[in-house]
Amino acid sequence: MGCEANVYSLAIAMEMYAADYDERYPPADRWVDLTLQDFVKTPGSYRCPRDRSTARSSYGMNSAISGMQMMSVPDDVVCLYETAHPGDNPYGSPDDMPLPPRHLGGNLTCRRWPNIKQDHATPTWGPFGPR
Ligand SMILES: [Zn+2]
């Protein structure tokens with residue numbers, strides 16, 4: 001699948017996870033473990049076609065929203081992004097995005113579904129408000 005389709009399915013998986021778990025996002029350090037089990041059918045969805053690593057996930061979760069109540073996260077906050085440090089459960093901040101970007105138009109980031117934007121200049125990452 002293409003990167004954008006992947007990020008769509010992962011963003012939807014995040015919302016589905018939250019719906020089942022007290023309206024909260026998963027803990028960032030286990031987000032792939034927790035979404036892969038029940039909400040993402042294809043392990044390939046975690047892989048950007050342009051990621052040269054063989055790690056499980058090419059995408060990171062914004063650590064600022066780890067375990068947060070979904071409703072307390074503003075719509076423009078980044079949920080998922082392309083990480084320069086692929087791994088089993090990658091998470092972090094804008095500093096972790098690949099430079100140069102993986103794609104011609106920039107790295108892909110995703111606000112709360114379905115606000116997917118392809119750019120590097122992402123407006124809001126947190127921290128914001130109490131957890
Ligand atoms: Zn990509």
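**Overall fold**

The protein has 2 helices and 5 strands. The model is a predicted one.

Q: How many of the residues count as buried?
A: Of the 131 residues, 37% count as buried. The cut-off for that word is 20 or more other C-beta atoms within 10 Å.

Q: Why is Asp22 called exposed?
A: Asp22 has 9 other C-beta atoms within 10 Å. A residue is exposed at 12 or fewer, so Asp22 is exposed. Asp22 is in the loop between H1 and H2.

Q: Why is Glu23 called partly exposed?
A: Glu23 has 13 C-beta neighbours inside 10 Å. Exposed needs 12 or fewer and buried needs 20 or more, so Glu23, with 13, counts as partly exposed. Glu23 also lies in the loop between H1 and H2.

Q: What is said of phi in Asp22 and in Glu23?
A: Asp22 has a positive phi of about 60° although it is not a glycine. Phi of Glu23 is near 60°, again a positive value in a residue other than glycine.

Q: Why are the buried residues of H2 said to line one face of the helix?
A: Helix H2 covers residues 31–38, and Trp31, Val32, Thr35 and Leu36 in it are buried. Seen down the axis of H2, these buried residues fall within an arc of 110°, so they line one face. An α-helix has 3.6 residues a turn, so residues three or four places apart point the same way. The face of H2 turned away from the buried side carries the exposed residues Gln37 and Asp38.

Q: What covers the buried residues of H2?
A: The cover includes helix H1 (3–20), strand S1 (57–62) and strand S3 (91–92).

Q: Why does Ile12 count as partly exposed?
A: Ile12, in helix H1, has 15 C-beta neighbours inside 10 Å. That value lies between the cut-offs of 12 and 20, so Ile12 counts as partly exposed. Ile12 and Thr35 are 23 residues apart in sequence and 10.0 Å apart in space, C-alpha to C-alpha.

**The strands**

Q: What makes S1 largely enclosed by the rest of the structure?
A: 6 of the 6 residues of S1 are buried, so S1 is largely enclosed.

Q: How do you know that S1 and S2 pair?
A: Pairing needs at least two bridges, and S1 and S2 have 4, in the antiparallel sense.

Q: What makes S1 and S3 a pair?
A: S1 and S3 run parallel and are joined by 2 bridges. The cut-off is at least two, so S1 and S3 pair. Asn62 stands opposite Gly92 in S3.

Q: How do you know that S2 and S4 pair?
A: S2 (residues 78–87) and S4 have 3 bridges, in the antiparallel sense, and at least two are needed. Val78 has Arg111 in S4 as its bridge partner.

Technical notes. Residues are numbered from 1 along each chain as its sequence is written. This is a predicted model: local features need pLDDT of at least 70, side-chain atom pairs count only at pLDDT 80 or more; totals for chains, interfaces and linings use all residues. The arc is that of the directions from the helix axis to the C-beta atoms. Two residues are in contact if their C-beta atoms, placed from the backbone, lie within 7 Å.
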